[in-house]
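Have the structure open as you read.

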Amino acid sequence: MRPFYVVDQEVKAEIKRKRGKMPRIIDVHCHPYTKEGWKSLGKFRMHLEKYLYKKAEVTPESVSEEMPTDEEWIRPYRELEVVCTPVAWDAGTTMTGDGAYAPDEIYQPNTNDYIASLRDRFPDVVVASWGSVDPWKGQQALAETERCIKELKLIGLKFQQCAQAFMVSDKRFYPLWDLCQSLGAPVQFHVGYTGMGSGAPGGLGVKLKYTMDIIPNVDDVAADFPKLKIIILHPAEGRDDDACLVCMHKGNVYRETSGMWPKYLPGNVPKMWYELNRRLQDKIMFGSEFNLFPLEGIIAQHLELEAKGEYRQGILEKLFYRNTINILGEELERVGVDLKEWEA
Ligand SMILES: [Zn+2]
């Protein structure tokens with residue numbers, strides 16, 4: 001199997017031909033699962049290797065061996081003329097045995113310093129980065145949030161409530177949303193189904209309740225913090241209607257597309273697909289979930305759907321960059337991104 005960080009040259013040529021003069025695509029959600037970075041998924045990554053990629057023998061050493069270096073991780077973005085905003089990962093309380101899940105010696109966070117360093121080392125590709133704090137760390141999480149935004153100049157914060165085992169509407173975490181709102185830092189919340197632990201006995205301890213109830217959980221936070229920009233991640237499989245309704249009802253809630261092959265969107269999340277072409281056409285951004293998915297494969301399928309007339313005129317261009325500039329332009333500028341190539 002070709003590693004996902006090695007671009008299929010035929011697909012690349014097809015993408016180039018189809019996208020024409022379009023400016024660089026902006027990818028708002030991806031993970032640096034690199035030689036060290038993959039360990040942020042710990043045992044879940046080990047399981048994914050079997051569940052998603054159908055591998056028989058998996059050891060931490062074999063996974064590290066197959067993962068890209070930072071430089072290799074960046075390469076597909078350069079080749080395909082895509083910029084990205086990768087996410088950090090801190091679920092230390094729950095993924096190291098102090099909390100809900102069993103001990104896992106493989107786990108290590110994808111730190112905010114690392115995610116900032118990707119941006120600093122590869123500024124042509126990584127235009128901004130999302131930080132991560134473990135919400136269970138209380139005051140420490142608040143201090144780290146401030147450091148992320150003020151010192152590291154990260155654009156906002158990403159949360160994975162299944163991995164971090166918390167409800168966003170739990171009042172204990174309201175100081176976090178309050179702080180993000182006052183700092184002008186948008187947040188990414190996982191919604192719907194998760195691949196973490198999928199198919200394993202007990203789902204490796206992961207509880208779906210943390211991400212399935214978009215109403216009331218995400219809806220409450222959106223209502224209580226109207227100036228907090230919330231990007232709900234993924235197609236919200238299992239909660240298609242609710243994700244669309246919250247995004248429609250709350251002006252401060254947005255969406256992105258990562259985590260599912262685009263060709264399955266019309267069948268698996270028909271409401272999202274319908275509204276992506278209609279009432280939510282200005283609210284959904286492109287995300288890839290690279291390198292759990294191959295970047296060129298994801299982009300090629302979006303372009304294929306457009307070629308088949310499944311996307312209405314102009315929608316894919318909105319998805320690929322226009323919406324992101326409209327939704328996150330202010331925040332991108334705050335962290336020093338020059339928007340002129342997309343505004344021209
Ligand atoms: Zn993700």
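On the E7 side, the bridge partner of Ile-230 is Val-253. Ile-230 and Ile-232 point one way from E6, while Ile-231 and Leu-233 point the other way. All four are buried.

E6 belongs to an open sheet of 6 strands, in the order E3-E4-E5-E6-E7-E8, with parallel pairing. At the edges sit E3 (130–131) and E8 (284–285), each of which pairs on one side only.

| Strand pair | Sense | Bridges |
|---|---|---|
| E5 and E6 | parallel | 4 bridges |
| E6 and E7 | parallel | 3 bridges |
| E7 and E8 | parallel | 2 bridges |

What lies across E5, E6 and E7? Helix H11 (residues 214–224) does, running at about 160 degrees to E6.

Elsewhere, two helices are worth a look. H4 (residues 70–80) and H15 (residues 295–307) pack at an angle of about 35 degrees, and their axes are 10 Å apart. H4 brings Pro-76, Tyr-77 and Leu-80 to the contact, and H15 brings Leu-295, Glu-296 and Ile-299. By class, that's 5 nonpolar residues, 1 charged and no polar ones.

As for the whole chain, it has 17 helices and 8 strands. Its radius of gyration is 19 Å, close to the 20 Å that the globule rule gives for 344 residues, so the chain is as compact as a globular protein of that length. Along the principal axes, the C-alpha atoms fill a box of roughly 50 × 50 × 40 Å. Buried residues make up 51% of the 344. Of the contacts with a separation of 6 or more, 79% are between residues 24 or more positions apart.

How far can you trust the model? The mean pLDDT is 94, and 97% of the residues reach 70 or more. Residues 98–103 are a stretch to watch: pLDDT stays under 50 there, although the model has 15 contacts for them beyond four places in sequence. Where pLDDT is low, the predicted coordinates should not be read in detail.

Key
Residues numbered from 1 in each chain as written. Predicted model: local features only at pLDDT ≥ 70, side-chain atom pairs only at ≥ 80, totals over all residues. pLDDT = per-residue confidence, 0-100. Contact = placed C-beta atoms within 7 Å. Pairing = 2+ DSSP bridges. Axes fitted to C-alpha atoms, helices over the stretch in contact; angles between N-to-C directions. Rg over C-alpha atoms; globule rule 2.2 N^0.38 Å. Buried ≥ 20, exposed ≤ 12 C-beta atoms within 10 Å, placed from the backbone. Nonpolar A, V, L, I, M, F, W, Y, C, P; charged D, E, K, R; others polar.
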